[in-house]
Amino acid sequence: LPILLHSFLYRKAASATGLPTFLLVGPSGGGKTAFTTLTERGTVPTTHPSTTPLSIEALLPDPHVPASSHYRSPGDPAFERSRRFIILDTPGHGKLRNYATSTLADPGNVRGIIFVVDAAAIDEEAGLNEAAEYLHDVLLSLQKRYTNATTSKGPKEIPVLIAANKMDLFTALPASSVKTKLEKAISEVRNNRAKALRDAGAALSGGDEVDEEKEWLGEGGEGSFEFDEMREIGTAVDIVGGNVCQGKNSGDVAGWWSWIGEHL
Ligand code: GDP
(Lines give C-alpha, C1' and ligand atoms only; values in the text may rest on other atoms or scores of the structure.)
Protein backbone atom coordinates (compact mmCIF):
# COMPACT_ATOMS: atom_id res chain seq x y z
CA LEU A 1 0.00 0.00 0.00
CA PRO A 2 2.67 2.64 0.81
CA ILE A 3 4.21 1.98 -2.58
CA LEU A 4 0.85 2.41 -4.28
CA LEU A 5 0.20 5.58 -2.35
CA HIS A 6 3.59 6.94 -3.24
CA SER A 7 3.11 6.29 -6.91
CA PHE A 8 -0.37 7.81 -6.75
CA LEU A 9 0.97 11.00 -5.20
CA TYR A 10 3.84 11.05 -7.65
CA ARG A 11 1.42 10.77 -10.49
CA LYS A 12 -0.88 13.45 -9.10
CA ALA A 13 2.08 15.77 -8.74
CA ALA A 14 3.24 15.04 -12.26
CA SER A 15 -0.07 16.09 -13.75
CA ALA A 16 -0.02 19.40 -11.89
CA THR A 17 3.40 20.66 -12.99
CA GLY A 18 2.44 22.30 -16.25
CA LEU A 19 5.26 20.51 -18.06
CA PRO A 20 5.03 19.82 -21.80
CA THR A 21 2.78 16.83 -22.24
CA PHE A 22 2.71 14.05 -24.79
CA LEU A 23 -0.56 12.22 -25.10
CA LEU A 24 -0.29 8.47 -25.68
CA VAL A 25 -3.18 7.00 -27.66
CA GLY A 26 -3.88 3.93 -29.79
CA PRO A 27 -5.72 0.60 -29.75
CA SER A 28 -5.27 -1.70 -26.74
CA GLY A 29 -2.37 -4.07 -26.97
CA GLY A 30 -0.21 -1.69 -29.00
CA GLY A 31 2.31 -1.14 -26.21
CA LYS A 32 1.27 2.14 -24.54
CA THR A 33 1.59 0.82 -21.00
CA ALA A 34 4.89 -0.84 -21.84
CA PHE A 35 6.23 2.45 -23.24
CA THR A 36 4.95 4.43 -20.25
CA THR A 37 6.66 2.09 -17.82
CA LEU A 38 9.87 2.14 -19.83
CA THR A 39 9.75 5.93 -19.75
CA GLU A 40 9.07 6.06 -16.04
CA ARG A 41 11.53 3.52 -14.75
CA GLY A 42 13.76 2.64 -17.65
CA THR A 43 12.76 -1.01 -17.31
CA VAL A 44 10.51 -3.33 -19.23
CA PRO A 45 7.29 -3.95 -17.33
CA THR A 46 4.91 -6.76 -16.87
CA THR A 47 1.93 -4.83 -18.14
CA HIS A 48 -1.60 -4.77 -16.83
CA PRO A 49 -4.66 -3.63 -18.76
CA SER A 50 -5.00 0.13 -18.47
CA THR A 51 -8.47 1.31 -17.61
CA THR A 52 -7.69 4.80 -16.34
CA PRO A 53 -5.49 7.54 -17.73
CA LEU A 54 -2.07 7.66 -16.17
CA SER A 55 0.19 10.66 -16.00
CA ILE A 56 3.89 10.17 -15.34
CA GLU A 57 6.84 12.52 -15.35
CA ALA A 58 9.74 11.59 -17.59
CA LEU A 59 13.19 12.80 -18.62
CA LEU A 60 14.39 12.76 -22.20
CA PRO A 61 17.27 10.27 -22.04
CA ASP A 62 20.79 10.89 -23.38
CA PRO A 63 21.95 11.43 -26.04
CA HIS A 64 18.70 13.06 -27.15
CA VAL A 65 18.51 16.85 -26.82
CA PRO A 66 15.35 18.95 -26.58
CA ALA A 67 15.02 21.22 -29.61
CA SER A 68 14.61 24.19 -27.26
CA SER A 69 18.01 23.49 -25.71
CA HIS A 70 20.26 23.00 -28.72
CA TYR A 71 22.25 26.07 -27.79
CA ARG A 72 22.52 25.22 -24.08
CA SER A 73 25.21 23.08 -22.53
CA PRO A 74 24.62 20.00 -20.39
CA GLY A 75 24.82 20.96 -16.71
CA ASP A 76 23.00 24.24 -17.36
CA PRO A 77 19.96 24.01 -15.04
CA ALA A 78 17.73 25.25 -17.86
CA PHE A 79 18.99 22.41 -20.03
CA GLU A 80 18.13 19.85 -17.37
CA ARG A 81 14.71 21.39 -16.85
CA SER A 82 13.94 21.35 -20.54
CA ARG A 83 14.37 17.56 -20.63
CA ARG A 84 11.38 17.05 -18.35
CA PHE A 85 8.00 16.16 -19.78
CA ILE A 86 4.78 14.35 -18.98
CA ILE A 87 3.51 11.21 -20.66
CA LEU A 88 -0.25 10.89 -20.41
CA ASP A 89 -1.24 7.30 -21.11
CA THR A 90 -4.88 6.95 -22.12
CA PRO A 91 -7.01 3.81 -22.11
CA GLY A 92 -7.20 2.22 -25.55
CA HIS A 93 -10.40 0.33 -24.85
CA GLY A 94 -13.22 1.51 -27.13
CA LYS A 95 -15.56 2.74 -24.41
CA LEU A 96 -12.83 4.71 -22.68
CA ARG A 97 -11.54 6.53 -25.72
CA ASN A 98 -13.67 9.58 -25.10
CA TYR A 99 -11.05 10.46 -22.51
CA ALA A 100 -8.45 10.87 -25.24
CA THR A 101 -10.77 12.79 -27.54
CA SER A 102 -11.96 15.13 -24.78
CA THR A 103 -8.34 15.93 -23.89
CA LEU A 104 -7.82 16.83 -27.54
CA ALA A 105 -10.68 19.30 -27.45
CA ASP A 106 -8.85 21.23 -24.73
CA PRO A 107 -5.23 20.16 -25.03
CA GLY A 108 -3.59 22.63 -22.61
CA ASN A 109 0.09 21.69 -22.44
CA VAL A 110 -0.12 18.96 -25.06
CA ARG A 111 2.93 19.27 -27.33
CA GLY A 112 2.30 16.20 -29.38
CA ILE A 113 0.34 13.02 -29.76
CA ILE A 114 1.93 9.60 -29.89
CA PHE A 115 -0.28 7.01 -31.53
CA VAL A 116 1.15 3.62 -30.58
CA VAL A 117 0.22 0.79 -32.90
CA ASP A 118 1.22 -2.88 -33.13
CA ALA A 119 2.95 -3.11 -36.51
CA ALA A 120 2.19 -6.83 -36.68
CA ALA A 121 -1.53 -6.34 -36.00
CA ILE A 122 -1.71 -3.87 -38.94
CA ASP A 123 -1.23 -6.82 -41.27
CA GLU A 124 -4.62 -8.23 -40.23
CA GLU A 125 -7.87 -6.66 -41.31
CA ALA A 126 -9.38 -6.34 -37.82
CA GLY A 127 -6.24 -4.76 -36.38
CA LEU A 128 -5.87 -2.41 -39.32
CA ASN A 129 -9.49 -1.25 -39.21
CA GLU A 130 -9.45 -0.68 -35.48
CA ALA A 131 -6.27 1.39 -35.70
CA ALA A 132 -7.53 3.34 -38.73
CA GLU A 133 -10.83 4.25 -37.06
CA TYR A 134 -9.13 5.38 -33.89
CA LEU A 135 -6.50 7.39 -35.76
CA HIS A 136 -9.17 8.92 -38.02
CA ASP A 137 -11.06 10.13 -34.93
CA VAL A 138 -7.92 11.55 -33.33
CA LEU A 139 -7.04 13.46 -36.50
CA LEU A 140 -10.63 14.66 -36.93
CA SER A 141 -10.59 16.00 -33.33
CA LEU A 142 -7.42 17.93 -34.17
CA GLN A 143 -8.99 19.23 -37.36
CA LYS A 144 -12.13 20.42 -35.54
CA ARG A 145 -10.01 22.10 -32.90
CA TYR A 146 -8.22 23.93 -35.70
CA THR A 147 -11.26 24.91 -37.75
CA ASN A 148 -13.23 25.97 -34.64
CA ALA A 149 -10.43 28.18 -33.35
CA THR A 150 -11.39 31.80 -32.96
CA THR A 151 -7.91 33.40 -32.99
CA SER A 152 -6.71 34.63 -36.35
CA LYS A 153 -3.38 32.83 -36.22
CA GLY A 154 -4.96 29.49 -35.40
CA PRO A 155 -4.25 27.28 -32.39
CA LYS A 156 -0.73 26.01 -31.74
CA GLU A 157 0.41 23.13 -33.88
CA ILE A 158 0.06 19.63 -32.50
CA PRO A 159 2.16 17.05 -34.34
CA VAL A 160 1.38 13.33 -34.37
CA LEU A 161 3.88 10.49 -34.14
CA ILE A 162 2.66 7.12 -35.32
CA ALA A 163 4.86 4.85 -33.23
CA ALA A 164 4.90 1.58 -35.17
CA ASN A 165 5.75 -0.78 -32.33
CA LYS A 166 6.85 -4.42 -32.02
CA MET A 167 9.36 -4.24 -34.86
CA ASP A 168 11.14 -7.16 -33.18
CA LEU A 169 8.38 -9.49 -34.39
CA PHE A 170 9.00 -11.05 -37.78
CA THR A 171 5.33 -10.49 -38.66
CA ALA A 172 5.70 -6.72 -38.12
CA LEU A 173 5.28 -4.56 -41.24
CA PRO A 174 7.95 -1.93 -41.93
CA ALA A 175 6.99 1.63 -41.04
CA SER A 176 6.49 2.59 -44.70
CA SER A 177 3.88 -0.17 -45.17
CA VAL A 178 2.19 0.75 -41.89
CA LYS A 179 1.86 4.24 -43.34
CA THR A 180 0.33 3.24 -46.69
CA LYS A 181 -1.98 0.66 -45.10
CA LEU A 182 -3.26 3.20 -42.59
CA GLU A 183 -3.77 5.85 -45.26
CA LYS A 184 -5.79 3.44 -47.38
CA ALA A 185 -7.89 2.26 -44.43
CA ILE A 186 -8.49 5.85 -43.25
CA SER A 187 -9.72 6.68 -46.78
CA GLU A 188 -12.33 3.98 -46.34
CA VAL A 189 -13.32 5.17 -42.86
CA ARG A 190 -13.73 8.67 -44.26
CA ASN A 191 -15.93 7.46 -47.14
CA ASN A 192 -18.05 5.24 -44.89
CA ARG A 193 -18.61 8.02 -42.38
CA ALA A 194 -19.67 10.44 -45.13
CA LYS A 195 -22.07 7.89 -46.56
CA ALA A 196 -23.57 7.17 -43.12
CA LEU A 197 -24.08 10.91 -42.58
CA ARG A 198 -25.76 11.31 -45.95
CA ASP A 199 -28.06 8.36 -45.26
CA ALA A 200 -28.92 9.63 -41.78
CA GLY A 201 -29.53 13.13 -43.17
CA ALA A 202 -31.79 11.84 -45.93
CA ALA A 203 -33.78 9.70 -43.48
CA LEU A 204 -34.19 12.53 -40.98
CA SER A 205 -35.16 15.47 -43.08
CA GLY A 206 -36.08 14.20 -46.50
CA GLY A 207 -32.91 15.48 -48.14
CA ASP A 208 -31.83 18.44 -46.00
CA GLU A 209 -28.11 19.14 -45.97
CA VAL A 210 -26.09 17.74 -43.09
CA ASP A 211 -22.90 19.64 -42.32
CA GLU A 212 -20.80 16.95 -43.93
CA GLU A 213 -17.85 19.19 -44.54
CA LYS A 214 -17.03 19.46 -40.83
CA GLU A 215 -17.03 15.71 -40.46
CA TRP A 216 -14.81 15.08 -43.49
CA LEU A 217 -11.18 14.51 -42.57
CA GLY A 218 -8.62 16.35 -44.67
CA GLU A 219 -9.06 17.88 -48.10
CA GLY A 220 -12.28 17.53 -50.04
CA GLY A 221 -12.68 15.42 -53.12
CA GLU A 222 -12.95 11.76 -53.86
CA GLY A 223 -9.24 11.01 -53.76
CA SER A 224 -7.55 8.85 -51.18
CA PHE A 225 -6.44 10.18 -47.83
CA GLU A 226 -2.82 11.09 -47.20
CA PHE A 227 -1.28 12.12 -43.88
CA ASP A 228 0.27 15.13 -45.62
CA GLU A 229 -3.22 16.63 -45.86
CA MET A 230 -2.98 17.24 -42.11
CA ARG A 231 -0.28 19.92 -42.58
CA GLU A 232 -3.10 22.19 -43.66
CA ILE A 233 -4.44 22.08 -40.06
CA GLY A 234 -1.02 22.46 -38.43
CA THR A 235 -0.44 18.77 -37.82
CA ALA A 236 2.64 17.03 -39.19
CA VAL A 237 2.34 13.24 -39.08
CA ASP A 238 5.50 11.14 -38.78
CA ILE A 239 5.75 7.36 -38.73
CA VAL A 240 8.67 5.84 -36.90
CA GLY A 241 9.28 2.18 -36.13
CA GLY A 242 10.48 0.89 -32.78
CA ASN A 243 10.10 -1.84 -30.23
CA VAL A 244 9.56 -1.17 -26.57
CA CYS A 245 10.71 -4.64 -25.64
CA GLN A 246 12.34 -7.71 -27.05
CA GLY A 247 11.33 -10.74 -25.06
CA LYS A 248 12.07 -9.77 -21.48
CA ASN A 249 14.68 -7.21 -22.49
CA SER A 250 14.23 -3.62 -23.46
CA GLY A 251 14.13 -2.87 -27.16
CA ASP A 252 14.87 0.21 -29.21
CA VAL A 253 12.73 3.33 -29.25
CA ALA A 254 15.50 5.83 -30.06
CA GLY A 255 13.49 7.15 -33.01
CA TRP A 256 10.61 8.02 -30.71
CA TRP A 257 12.89 9.78 -28.22
CA SER A 258 14.35 11.91 -30.96
CA TRP A 259 10.85 12.81 -32.18
CA ILE A 260 9.93 13.83 -28.62
CA GLY A 261 13.17 15.82 -28.41
CA GLU A 262 12.32 17.68 -31.62
CA HIS A 263 9.08 18.85 -30.02
CA LEU A 264 10.42 19.59 -26.56
P1 GDP B 1 -1.47 -1.15 -24.31
O2 GDP B 1 -2.80 -1.83 -24.25
O3 GDP B 1 -1.34 -0.28 -25.53
O4 GDP B 1 -1.12 -0.42 -23.05
O5 GDP B 1 -0.38 -2.30 -24.56
P6 GDP B 1 0.60 -2.98 -23.48
O7 GDP B 1 1.69 -2.05 -23.11
O8 GDP B 1 -0.22 -3.56 -22.39
O9 GDP B 1 1.26 -4.13 -24.38
C10 GDP B 1 0.50 -5.20 -24.88
C11 GDP B 1 1.38 -6.42 -25.02
O12 GDP B 1 2.37 -6.21 -26.02
C13 GDP B 1 2.13 -6.78 -23.74
O14 GDP B 1 2.11 -8.17 -23.61
C15 GDP B 1 3.53 -6.27 -24.01
O16 GDP B 1 4.51 -7.02 -23.32
C17 GDP B 1 3.67 -6.49 -25.51
N18 GDP B 1 4.63 -5.57 -26.13
C19 GDP B 1 4.73 -4.24 -25.92
N20 GDP B 1 5.74 -3.74 -26.67
C21 GDP B 1 6.27 -4.77 -27.37
C22 GDP B 1 7.35 -4.87 -28.33
O23 GDP B 1 8.03 -3.91 -28.70
N24 GDP B 1 7.58 -6.11 -28.83
C25 GDP B 1 6.87 -7.20 -28.46
N26 GDP B 1 7.20 -8.37 -29.01
N27 GDP B 1 5.86 -7.15 -27.57
C28 GDP B 1 5.56 -5.93 -27.02
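How many Å separate an oxygen atom of the ligand from a polar backbone atom of Gly-31? The separation is 3.0 Å.

This is a predicted model, in which local features need pLDDT of at least 70, side-chain atom pairs count only at pLDDT 80 or more, and totals for chains, interfaces and linings use all residues. Residues are numbered from 1 along each chain as its sequence is written, and side-chain values use heavy atoms, with hydrogens and water left out.

**The ligand site**

The ligand is surrounded by 17 residues, each with a heavy atom within 4 Å of it. The closest are Gly-29, Lys-32, Thr-33, Ala-34 and Asp-168. Polar contacts are pairs of N or O atoms within 3.5 Å.

| Residue | Distance to a ligand oxygen atom |
|---|---|
| Gly-30 | 3.3 Å |
| Gly-31 | 3.0 Å |
| Cys-245 | 3.2 Å |

**The sheet**

Helices (H or I, at least four residues) and strands (E, at least two) are DSSP runs, numbered from the N terminus. Six strands form an open sheet in the order β2-β3-β1-β4-β5-β6, with mixed pairing. Two strands pair if DSSP finds at least two bridges between them. The edge strands, β2 (54-59) and β6, each pair on one side only. On average, neighbouring strands are turned by 25° against each other, direction ignored.

β5 and β6 run parallel, paired over 5 bridges. Ala-164 stands opposite Gly-241 in β6. Helix α5 packs on the sheet and touches β1, β4, β5 and β6. Its direction makes about 170° with that of β4. Helix α8 (residues 254-262) also packs on the sheet, touching β1, β3 (84-89), β4, β5 and β6. The direction of α8 makes about 170° with that of β5. Such angles run from 0 to 180 degrees between N-to-C directions, with axes fitted to C-alpha atoms, for helices over the stretch in contact.

**The cores**

A nonpolar core joins buried Ala, Val, Leu, Ile, Met, Phe, Trp, Tyr and Cys residues through side-chain atoms within 4.5 Å. Buried means under 20% relative accessible area, with a 1.4 Å probe and protein chains only. The largest core has 36 residues. Ile-113, Leu-139, Ile-162, Leu-182 and Phe-227 have the most contacts inside it. β1 (21-25), β4 (110-118), α5 (125-147), β5 (160-165), α6 (175-205) and β6 (237-241) each supply at least two of its residues. The largest share, 9 residues, comes from α5. Apart from this core lies another, of 21 residues, including Leu-24, Ala-34, Leu-38 and Leu-161.

Ile-162 touches residues including Phe-115, Leu-135, Leu-182, Phe-227 and Ile-239, not counting residues up to four places away in sequence. Contact here means heavy atoms within 4.5 Å.

Conventions. Buried means under 20% relative accessible area, exposed over 50%, partly exposed in between (1.4 Å probe, protein chains only). A polar contact is a pair of N or O atoms within 3.5 Å; within protein, one must be able to donate a hydrogen and the other to accept it, and residues adjacent in sequence count only if both atoms are side-chain atoms.
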